[in-house]
Structure formats: C-alpha cells, structure tokens
Amino acid sequence: MAFEIPQDLHPDLVPLAWLLGRWEGRGHGDYPTIEKFEFGQQIDFTHNGKPYLHYVSQTFVVGEDGTKQRPLAVETGFWRPRPDNKIEVILAHPTGFAEIWYGDIDGAKIELQTDMVARTVSAKEVTAGHRLYGLVNGELLWAYDMAAEGQALQPHLWATLVRS
C-alpha cells in the first residue's frame, strides 16, 4: 500500500509521517510476575494540523482464529517532535498511571526512555520503561521493556503490525 504525506500535515511532523494511520497485528508478552501471553493490537496515529500526533493503542485477547475475544490494555497520548530529531511522548493509561517519555528519531526508528512515571494509589508500581518503534519492510515493529513491581527493566511486550 502506497503511503502519501497528507498535505495538511504540520511541517514539524514530517519525521513522524511514516507512523500515520491504523496499524493492526499480533504481539507477545512476558514478565516474571505473569504468564506468557499473546495479544492482538490496533494502534492509530492521527493528526489535526497541529505539531503533534494523537496516539491510541488498544490490545485484546484473540481466539485461535484471530478474532477479538475481550479487551486488554489501552493507552493514549501525544507524540511531539522536537528540534534535532528529538521527541517527547506523553501517555496515559486507564489503570492509573501516566508517563513522560523522551527519545530520538532516527529515520524510521524511534527510541524512547521514561523520564517520569506518575501513578494513582491503586495503580501497579511501574517505575521505568524503554520503547523502540521501527518501520521494517513496511511493518511497524515495536518493543517495550518495563521496570515494575520490584523487577528490573526487562523485556515485557513486542509486536509486529501492518498498516490497514
């Protein structure tokens, strides 16, 4: 599928234009405090002409035939490119925590580290994260390392998505 940069895209977003659209696929999760699992995912990157992307990620349990069975996690936020190929990302989760991420844009690769994680008293103890997003052969690959619940930063989630 050919991708075109929208004419109304804010010029600051050109380095992130490759993310625009809906991405769907499958992923895997693992962590010392839980059992290994697979999930389906949909990510939407949209813009409104301002210098940020709106991001929404939804994951769900999938049946053996690939159909959505029930929702898992949701996160939403804003991706804000900065000068010198830097990026700021603000994410919020309905489970009671929010994160500020800083990182670098290197062509079709984005690497992010948490600067701050704030949580409500009922949220799980997430303390740090590292994310990597990349466009590889037309697919969006991403990975998320997490430090939480007394565990050191380590791989937690990874997925391969295609533009739909």
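Biologist: What relative accessible area does Thr33 have?
Modeller: This is a predicted model, in which local features need pLDDT of at least 70, side-chain atom pairs count only at pLDDT 80 or more, and totals for chains, interfaces and linings use all residues. Residues are numbered from 1 along each chain as its sequence is written, and side-chain values use heavy atoms, with hydrogens and water left out. A residue is called buried under 20% relative accessible area, exposed over 50%, and partly exposed in between (1.4 Å probe, protein chains only). Thr33 therefore counts as partly exposed, its relative accessible area being 45%.

Biologist: Which residues does Thr33 touch, not counting residues up to four places away in sequence?
Modeller: Thr33 is placed in the loop between β1 and β2, where strands (E, at least two residues) and helices (H or I, at least four) are DSSP runs numbered from the N terminus. Contact here means heavy atoms within 4.5 Å. Leaving out residues up to four places away in sequence, Thr33 is in contact with Glu149 and Gln151.

Biologist: What distance separates the C-alpha atoms of Pro32 and Pro94?
Modeller: Pro32 belongs to the loop between β1 (21-31) and β2 (34-46), and beyond four places in sequence it touches Gln151 and Gln154. Pro32 and Pro94 are 62 residues apart along the chain, and the separation of their C-alpha atoms is 23 Å.

Biologist: At which residues does UniProt place the feature "binding site"?
Modeller: The feature comes from an unreviewed UniProt entry; positions are given in the numbering used here, feature names are shortened, and annotations may be inferred rather than shown by experiment. The record places this feature at Thr33, Lys124 and His156. A pocket, on a 1 Å grid over the protein atoms alone, is an open set of points with protein on both sides within 12 Å along at least five of seven lines, whereas a cavity is a set of points where a 1.4 Å probe fits but cannot get out; lining residues have an atom within 4 Å of a point. The largest pocket has in its lining these residues from the set: Thr33, Lys124 and His156.

Biologist: Which residues does Lys124 touch, not counting residues up to four places away in sequence?
Modeller: Lys124 is found in the loop between β7 (109-119) and β8 (126-136), and it counts as partly exposed at 40% relative accessibility. Setting aside residues up to four places away in sequence, Lys124 touches Arg119, Met146 and Glu149.

Biologist: With which residue does Arg22 form a salt bridge?
Modeller: Side chains of opposite charge can pair when their charged atoms come close. A salt bridge is counted when a side-chain nitrogen of Lys or Arg is within 4 Å of a carboxyl oxygen of Asp or Glu, and the structure holds seven of them. In one of these, the closest N and O atoms are 2.7 Å apart, and the partner of Arg22 is Asp44.

Biologist: Is Asp44 buried or exposed?
Modeller: Arg22, the partner of Asp44 in the salt bridge, is partly exposed with a relative accessible area of 37%. Asp44 has a relative accessibility of 15%, so this residue counts as buried.

Biologist: Which residues are linked with Arg80 in a network of salt bridges?
Modeller: The side chain of Arg80 meets that of Glu88 in a salt bridge, at 2.5 Å from N to O. The network of salt bridges joins Arg80 with Arg82 and Glu88.

Biologist: What is the angle between the planes of Phe45 and Trp79?
Modeller: Rings of Phe, Tyr and Trp (its six-membered ring) pair if their centres lie within 6.5 Å, and planes under 30 degrees apart count as stacked, over 60 as edge-to-face and the rest as tilted. By this rule there are eight aromatic pairs. Phe45 lies in strand β2 and Trp79 in strand β4 (residues 68-82), so their pair ties together parts that are 34 residues apart in sequence. This pair is edge-to-face, with the centres 5.1 Å apart and the planes at 85°.

Biologist: Over the ring of which residue does the charged end of Arg131 sit?
Modeller: A charge sits over a ring if NZ of Lys or CZ of Arg is within 6 Å of the ring centre and within 35 degrees of the ring normal. Lys68, for instance, lies over the face of Phe60 at 4.7 Å from the ring centre. For Arg131, the charged end is 4.6 Å from the centre of the ring of Tyr144.
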